[in-house]
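Try each task by eye, then follow the worked solution.

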Amino acid sequence: MKIKRCPLTFHNVISATSTCKPSEWHHSAQDLRNAIIRNELYGTGPTIYQVSTNLGSQESAEYTFHVPVNEPVKIDLNETYRFTKELTFEDGLVIRHADLDEDMEESYQILRLCAEEYGLELEEPFYNIYLDVYGGGIIDIYAPIVKEG
């Protein structure tokens with residue numbers, strides 16, 4: 001697997017957090033995409049998600065989804081949606097997880113080992129960038145570097 005080091009920036013990002021089963025995360029992502037369309041916006045980039053908490057069981061986890069949209073929006077304070085003008089990271093490691101049937105944790109572990117080898121500290125949870133590819137999908141896993149040396 002090839003690991004690259006690069007910055008990452010997305011503009012006009014709407015985010016939402018939900019708790020769901022690991023096998024059902026794509027439903028919550030679709031709900032966010034549908035909400036964006038219902039509000040006369042459109043996504044300008046991939047769906048990005050983080051798995052942040054296991055909640056003490058293997059059956060559910062907390063997912064935070066981020067979708068870049070075509071223009072800035074004003075979102076009234078609520079528990080579901082947040083808006084970020086610019087989601088940016090100056091430096092990070094990225095690895096492509098091409099086979100969605102394989103365990104994501106293996107790719108996470110490769111990033112952690114690479115960071116350890118080069119004396120880097122990574123921010124977790126990592127950002128999983130889901131890309132639609134010919135009726136299927138691949139995930140680029142982005143790990144922001146928070147400390148070097």
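**Exercise 1. Find the residue that stands opposite R96, and work out which strands pair around it.**

Solution. This is a predicted model, so keep that in mind as you read each value.

- Step 1: Start at R96 and look across to β9, where D140 stands opposite.
- Step 2: Widen the view to the two strands: β6 and β9 (residues 136–148) pair in the antiparallel sense over six bridges.
- Step 3: Now look for another partner of β6. Strand β1 (residues 3–5) pairs with β6 in the antiparallel sense over three bridges, and I3 has I95 of β6 as its bridge partner.
- Step 4: Check how enclosed the strand is. In β6 (residues 92–97), five of the six residues are buried, so the rest of the structure largely encloses this strand.

**Exercise 2. Which residues touch the most other members of the largest nonpolar core?**

Solution. 

- Step 1: The largest nonpolar core holds 29 residues, and W25, L93, L111, L122 and I141 touch the most other members.
- Step 2: See where the core comes from. Among the elements that each supply at least two residues are β2 (8–20), α1, β4 and β6. The helix α2 gives the most, with five residues.

**Exercise 3. Describe how the rings of W25 and Y130 are arranged.**

Solution. 

- Step 1: Begin with the total, which is eight aromatic pairs.
- Step 2: Compare the angle with the cut-off. Planes over 60 degrees apart count as edge-to-face. The rings of W25 and Y130 have their planes at 70° and their centres 5.9 Å apart, so this pair is edge-to-face.
- Step 3: W25 is in helix α1 and Y130 is in strand β8, so the pair ties together parts that are 105 residues apart in sequence.
- Step 4: Check W25 for burial: its relative accessible area is 16%, so W25 is buried.
- Step 5: Look for a wider group. Ring pairs link W25 and Y130 with Y49, Y63 and F65 into a cluster.

**Exercise 4. Are Y108 and F126 buried or exposed, and what kind of aromatic pair do they form?**

Solution. 

- Step 1: The cut-off for buried is under 20% relative accessible area. Y108 has 13%, so Y108 is buried, and F126 has 4%, so F126 is buried too.
- Step 2: Y108 and F126 form an edge-to-face pair, with 5.4 Å from centre to centre and 70° between the planes.
- Step 3: Y108 is in helix α2 and F126 is in the loop between β7 (120–122) and β8, so the pair links parts of the chain 18 residues apart.

**Exercise 5. What joins E124 and P125, and where do N12 and E40 lie?**

Solution. 

- Step 1: E124 and P125 are joined by a cis peptide bond, with omega about 5°. P125 is in the loop between β7 and β8.
- Step 2: N12 has a positive phi, near 50°, although the residue is not glycine. N12 sits in strand β2 and is buried, at 10% relative accessibility.
- Step 3: E40 also has a positive phi, near 60°. E40 lies in the loop between α1 and β3 and is exposed, with a relative accessible area of 73%.

**Exercise 6. Describe the largest pocket by its volume and its lining.**

Solution. 

- Step 1: The volume of the largest pocket is about 550 Å³.
- Step 2: The lining has 22 residues, and P22, V51, Y63, D103 and M104 lie nearest the centre.
- Step 3: Sort the lining by class: 11 residues are nonpolar, seven are polar and four are charged.
- Step 4: Ask where the lining comes from. Strand β3 gives the largest share, four residues.

Definitions and conventions:
Residues numbered from 1 in each chain as written. Predicted model: local features only at pLDDT ≥ 70, side-chain atom pairs only at ≥ 80, totals over all residues. Heavy atoms only, no water. 1 Å grid on protein atoms, 1.4 Å probe; cavity = no way out; pocket = protein on both sides within 12 Å on 5 of 7 lines; lining within 4 Å. Points joined across faces, edges and corners; volume = space filled by probe spheres on them. Nonpolar A, V, L, I, M, F, W, Y, C, P; charged D, E, K, R; others polar. Phe/Tyr/Trp six-rings, centres within 6.5 Å; stacked < 30°, edge-to-face > 60°. Buried < 20%, exposed > 50% of the residue type's maximum accessible area, 1.4 Å probe, protein only. Pairing = 2+ DSSP bridges. Core = buried A, V, L, I, M, F, W, Y, C linked by side-chain atoms within 4.5 Å.
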